[in-house]
Amino acid sequence: MNQVDYLRISLIDRCNFRCQYCMPEGAELDYILKQQLLTDKELLTLIEEVFIPVGFTRFRLTGGEPLLRPRVVELVKAIASLPQTQDLSMTTNGFLLAPMAQNLYDAGLRRVNISLDSLDPDTFDQIINNRGRPRWEQVWQGIHAAYRVGFDPLKLNVVVIPDVNDDEVLDLAALTIDKQWHVRFIEFMPIGNSQLFGDRSWIPSEELRQRIRQRWGLTESQVRGNGPADVFQIPGAKGTLGFISQMSECFCDRCNRMRLSADGWLRPCLLNETNQIDLKTALRTGISTAKLREQVRDLLAIKPDINFKQRYSGTETGVYTRTMSQIGG
């Protein structure tokens, strides 16, 4: 496996959208109480005294919606200013991004992934379950604000849903032709949502690639990212197309990440819930960061077994105690 040096940090489990694939309609979500969230001080302590010493140098801030976190700009600045931080990025739905983009960039954030599941406002509002409140235009403004500020690469995440937005694949791919935008098509993962889209809940990436190939042609890109995406390019395009194929094409051997939930649980594998460590409770009960470092090192040592031998332990039973929004994606 690759060296595990990338930590996805959920700042908050709440979100101002309720996307079907992330927060299933009708699901009762027990939001984390404020006092149960990792504080800024606790999070920075874990990053500086636990994660960096065991080899983590790349950090992505997620949620829920990370821009809902109070003082998020100050937190970005604190993480970005650490000398060992080699990369700091954020995944956001973009709704609050336009007025914050410049401040986030000035604080040291350089890369953003923005969720954009449709170019049609009505379809977009259906996916995010907006309950009558239009959201597409404000997200589109956030994308353009990030582009003007200079975030590079600027990535757009698309979860492809059969019979909902899969007819827009070519339109979304075309965004990469004239702008240095990087579209990432993501296979839907049935975490807590196994019955959401019926028998065929996801479309294989190769099927999407074939559609694009037939329209423009498609070549493997020389641009590579930090994550599991297979990267391609429409000939002559300024941007790239990435395909994250966690359902149809196993990429466990390329996994370089762990996930830290907003309430301090360290999760070694997205697809199952085994071997998690409750770092927040450990900190608050006085366990030393030296002891926590050893626990994380031990978890790193067994991560290959977790990835390969227990990969489907959750999907086989359909039982997950947390939805994607509660995990941090």
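How many salt bridges does a search of the whole structure find? The search finds ten. The views below show some of them in this predicted model.

**View 1. Confidence along the chain.** The mean pLDDT of the chain is 87. Of its residues, 84% reach 70 or more. Residues 314-318 have a pLDDT below 50. Beyond near neighbours in sequence, this stretch has six contacts in the model.

**View 2. R69 and D40 in a salt bridge.** The side chains of R69 and D40 meet at 2.6 Å, N to O. The pair links distant parts of the chain, 29 residues apart. R69 sits in the loop between β2 (58-62) and α2 (72-80). D40 belongs to helix α1, residues 40-51. R69 has 8% relative accessibility, so this residue counts as buried. D40 is also buried, because its relative accessible area of 18% is under 20%.

**View 3. R284 and E42 in a salt bridge.** The closest N and O atoms of R284 and E42 are 2.7 Å apart. This pair also links distant parts of the chain, 242 residues apart. R284 lies in helix α8, residues 279-284, and E42 lies in helix α1. R284 counts as partly exposed, at 38% relative accessibility. E42 is buried, at 14%.

View 4. R211 is partly exposed, with a relative accessible area of 26%. E207 is partly exposed too, at 30%.

Key:
Residues numbered from 1 in each chain as written. Predicted model: local features only at pLDDT ≥ 70, side-chain atom pairs only at ≥ 80, totals over all residues. Heavy atoms only, no water. pLDDT = per-residue confidence, 0-100. Contact = heavy atoms within 4.5 Å. Salt bridge = Lys/Arg side-chain N within 4 Å of Asp/Glu carboxyl O. Helix = DSSP H or I, 4+ residues; strand = E, 2+ residues; numbered from the N terminus. Buried < 20%, exposed > 50% of the residue type's maximum accessible area, 1.4 Å probe, protein only.
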